[in-house]
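Please look over the following model with its sequence alongside. The briefing below is grouped by topic, with the conventions stated where they are needed.

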4 protein chains.
Amino acid sequence: MLSSQLLDAILAEVRPLIGQGKVADYIPALAQVPANRLGMAVCTVQGEVFTAGDADEPFSIQSISKALSLTLALTLYREEEIWARVGKEPSGQPFNSLVQLEFEQGIPRNPFINAGALVVSDLLETRLTAPRQRTLELARRLSGNSAVIADSVVARSEYQHSARNAAIAYLMKSYGNFHNEVDKVLQSYFNACAIRMSCVDLARAFVYLANRGTPLDGAPLLDTRTTKQVNALLATCGLYDEAGDFAYRVGMPGKSGVGGGIIAVIPGELSVCVWSPELNKAGNSLAGTAALERFAERLGRSIF
Amino acid sequence: MLSSQLLDAILAEVRPLIGQGKVADYIPALAQVPANRLGMAVCTVQGEVFTAGDADEPFSIQSISKALSLTLALTLYREEEIWARVGKEPSGQPFNSLVQLEFEQGIPRNPFINAGALVVSDLLETRLTAPRQRTLELARRLSGNSAVIADSVVARSEYQHSARNAAIAYLMKSYGNFHNEVDKVLQSYFNACAIRMSCVDLARAFVYLANRGTPLDGAPLLDTRTTKQVNALLATCGLYDEAGDFAYRVGMPGKSGVGGGIIAVIPGELSVCVWSPELNKAGNSLAGTAALERFAERLGRSIF
Amino acid sequence: MLSSQLLDAILAEVRPLIGQGKVADYIPALAQVPANRLGMAVCTVQGEVFTAGDADEPFSIQSISKALSLTLALTLYREEEIWARVGKEPSGQPFNSLVQLEFEQGIPRNPFINAGALVVSDLLETRLTAPRQRTLELARRLSGNSAVIADSVVARSEYQHSARNAAIAYLMKSYGNFHNEVDKVLQSYFNACAIRMSCVDLARAFVYLANRGTPLDGAPLLDTRTTKQVNALLATCGLYDEAGDFAYRVGMPGKSGVGGGIIAVIPGELSVCVWSPELNKAGNSLAGTAALERFAERLGRSIF
Amino acid sequence: MLSSQLLDAILAEVRPLIGQGKVADYIPALAQVPANRLGMAVCTVQGEVFTAGDADEPFSIQSISKALSLTLALTLYREEEIWARVGKEPSGQPFNSLVQLEFEQGIPRNPFINAGALVVSDLLETRLTAPRQRTLELARRLSGNSAVIADSVVARSEYQHSARNAAIAYLMKSYGNFHNEVDKVLQSYFNACAIRMSCVDLARAFVYLANRGTPLDGAPLLDTRTTKQVNALLATCGLYDEAGDFAYRVGMPGKSGVGGGIIAVIPGELSVCVWSPELNKAGNSLAGTAALERFAERLGRSIF
């Protein structure tokens, strides 16, 4: 039943939504992405890949990198060292809010809002000599694509518009929950956001979440229990302040980025990635979410 | 592998946790429940039931009734009529907070925090002539136990301590999102909370969520799609401000009550109910959560 | 220098502002007040009265009654009994917000926001057998006008739109800071708001605040120290979330109402009342504030 | 009636309070100040000075500098240029909170909370080539004491603990309300806070606020209207989240600092400065506030 034809049909159905969303424009480099791009790729736990549309065109993965960074941190730290510094609960707030962070004294709600991802980046900075390179290497290894790169123009541009994230980092520092130099960590953080990958790259890269922690190269990355936990976090916190709606409509753990990409997984079966640059009000790909909703319906599959 | 022995073993493991939590004491009737009660029951989609400990002793289901009320509302209204008045997102706030409700102009975040459940009760009040009786009948039908009753002492006691819920209802009324008499709806709401059921009753009652909407009596209650949606809401919003942690540790859609009960489901397989009256700080059964965590581990089963 | 001509000149200057504000319309009875009314009255501590415009036309005093009610409470309770239940600080929030009230566990910031005035009404209800009548009598005594009445149509209309205030009262009740029946207190509260007085009535009534606590009838109402304290509270909290701007522009302790009236005092010298029904965004009379600003400038007098 | 004997008597009365507060200890340099210091100085508009206790011992003026900086800004900018970037209302929040700043999109409530003072420093940075030197010169000129210096150890120490203020500045930058380099402005800001002055210096320095804007040297600094406006802001916003209580108890416009100093004025008459390093919970000098309260009572003078 799973086939490239199915994906083609789904993309055809959601293509009319293009024009109803808004391409992220807070940095020029992102605003220039053509709004009409639309791609989708599925990778099964057996390694079979199905594609449709612009599935091979690389785009800025943005916050999807937060799932990569957390995974990298989970390979470097004991679980409890991480959860002492960042929570596991949905925030119920915009992704870049400082309000809750102040009420909860510098402990971010979860690793997928900006504050939490900055703590994870701070953890990587402490433990790694070259965190940027290591994150990029992980993206290459998991996707099996050694040509994956980070877009330095995007990274620099993000850095030039980084006041909000700097505010978040300094607020956490004032509570003792940020240990490295803010500037240095921000640069690593933006570099990870600026990684460019295609739907195919991302579907391949995240299949370990559907495969008990083992990527396509067969070398275990996370253990089964930890993998389930990452999926649980993605399901409750992976789509900004729209996690509930995504669970309701799509029913898969997932992570979105303002570049218009969304990855999602059906544990035990497959990973899927869609890309359409126009975002809805919550900052998630409008046509992308619709495509995943149809995908779940057509396959009759979700985690629920 | 699923057996009463397994459940016995799990309860033996978590029993030492008794003494570390706190029985709900905001109303006298709840405070009197013996802290050492511990029960567990599983009901498979085939209707097989496994039990352990005090699985047959009825207790106050409290907020577990919120899942019943939503289900009842979903049989009476079109989906969009409900979601126009209550959201589908985790709140990131205590269950009885008015802060977010004011910021979001009277639209509660989800149907499982108090504000949302009050809107659902208001919906039932509008459409039903005897909402209390109908909710009770649903509990009886689903559990197959016609002896299920609502404890009028508990209901009255809740009503006498209802200032906070009255404040929530009036705040929604001020935004036009509450249509019936506050007093009347509060009485129906507390009556549903005061329903007494045992672990066996509850495991049997909620197996429809694992069985595409069809309860043990075979007469479809919700369709497949709606059932998945309810599970999605339970997974992201069912455990107060601890939904993320519950997903992380247990990995099942679930709903807890301050009476110390928790129900959870593995779609396609089973429903499970635990009961232990002592609560953790988030208001969820302490030993109950631990029992479900072990249950998921032992079976090697979760939705993730 | 103080003369009716001065007041006439001031009103002529601010009259062009009529049309730029908005008459309160949350209840029909207030919405019907002609927008073009404009009056002003000054009463010196010697009892001399100067008037201009519609200074003799009664209007709904609304929140100006909060200053009367606090004064009445100060004659019935020891100071510390009152300040144990309501604070003395500006709120920095809209007058009818519940957010701060929840964060600060049911203790309102000050007696001039709705929550605080409801606590004061609750205090009056506890100590007086006929609080409504007593408040009205105080208004009559202080103004020397026995024809002062409360508008029962307005009171009833407010009561029918009282959901927000009921929410506030119940929230305080849930924290143990509201002792009487919500309904009963709301009725007294709205009755005080519905009192109708003219600029002349109000200027005469509030001259005790400029006269060390002694009204025109010569019988001391508050002692000097308490009077200064009431003035201090009016200066920091008397104009909703615009107290700072009012102090900056006008420089007198004052209290406004959504009926479009504002009273203010220069301690040791005089009280003044303006009336113009159109409000600015903060809920204070637009032309009224401008008139007081000019009045302070022309006289070269303020507390600063 | 005003005499050094009066001040001595007041200090004797409040000295027993020493031991009930807490010296600021967020930076080591402040924590070392002896807790038993107690001084008071009054300067009349005629230039007469009365002193008591440690009135000649310099201390860290800390946030009292915010009044100096605002005054300096008022000499450099048109009024409306300042109030476009910072409000005039009490905050109802702790002095270093970011919550309100986010809700109000980067516009601080008033110039006396940290966020507002940072905006004022940013304004000075834009207009002056050597803002630090100019602020210091103003302090010297107004006090008539050319030996006034900024304590570089304190300034450096503050800078090393500046994460919270950096967070505030970056948050404002993200809303476009901060124009210069954060680091540079923070250094100027901390330098102003680190100025050391005695009670005598401060009483002399701030007498212009009691004297229609004219300091002791006779050269007008602010005009009468602007001076009244500064006093109005001090009265509503000058004592952190305790402005209402200070108005209630003391009844004078004032400004406090965590170094334990408080300056206050009676317009047309005098300025007064007290110093006692131990602070109450709101961060204001405990014995200092009590001394001012007694001072107002004994003189029978306040603005109310």
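Is Tyr240(A) buried or exposed? In this predicted model, Tyr240(A) has a relative accessible area of 9% and is therefore buried, where buried means under 20% relative accessible area, exposed over 50% and partly exposed in between, with a 1.4 Å probe and protein chains only. Residues are numbered from 1 along each chain as its sequence is written, while chains are lettered from A and ligands numbered from 1 in the order in which they are written. Local features need pLDDT of at least 70, side-chain atom pairs count only at pLDDT 80 or more, and totals for chains, interfaces and linings use all residues, whereas side-chain values use heavy atoms, with hydrogens and water left out.

**Confidence**

- Chain A averages a pLDDT (the predictor's confidence in each residue, from 0 to 100) of 96, and 100% of the residues score at least 70.
- For the complex, the predictor gives an ipTM of 0.94 and a pTM of 0.94.

**Positive phi values**

- Most residues other than glycine have a negative phi.
- Tyr240(A), however, has a positive phi near 50°, and it is found in the loop between helix H12 (224-237) and helix H13 (243-249) of chain A, helices being DSSP runs of H or I with at least four residues and strands runs of E with at least two, numbered from the N terminus.
- Gln105(B) also has a positive phi, near 50°, and sits in the loop between helix H5 (99-103) and helix H6 (114-127) of chain B; at 54% relative accessibility, Gln105(B) counts as exposed.

**Surroundings of Ser60(A)**

- Ser60(A) lies in strand S4 (residues 59-60) of chain A and, at 8% relative accessibility, counts as buried.
- The side chain of Ser60(A) makes a polar contact with the side chain of Gln62(A) at 2.9 Å, a polar contact being a pair of N or O atoms within 3.5 Å in which, within protein, one must be able to donate a hydrogen and the other to accept it, and residues adjacent in sequence count only if both atoms are side-chain atoms.
- The side chain of Ser60(A) also reaches the backbone oxygen of Cys193(A) at 3.4 Å.
- Beyond neighbours within four places in sequence, the residues in contact with Ser60(A) (heavy atoms within 4.5 Å) include Leu30(A), Val154(A) and Gly259(A).

**Relation of chains A and D**

- Chain A is superposed on chain D by a rotation of 180° with 0.0 Å of shift along its axis, at an RMSD of 0.0 Å, using least squares on the C-alpha atoms of residues with pLDDT of at least 70 in both.
- The two copies are thus related as by a two-fold rotation axis.
- In chain A, the C-alpha nearest the axis belongs to Ala167(A), 2.0 Å from it.
- The copies meet through the same surface, because 100% of the interface residues of chain A are also interface residues in chain D.
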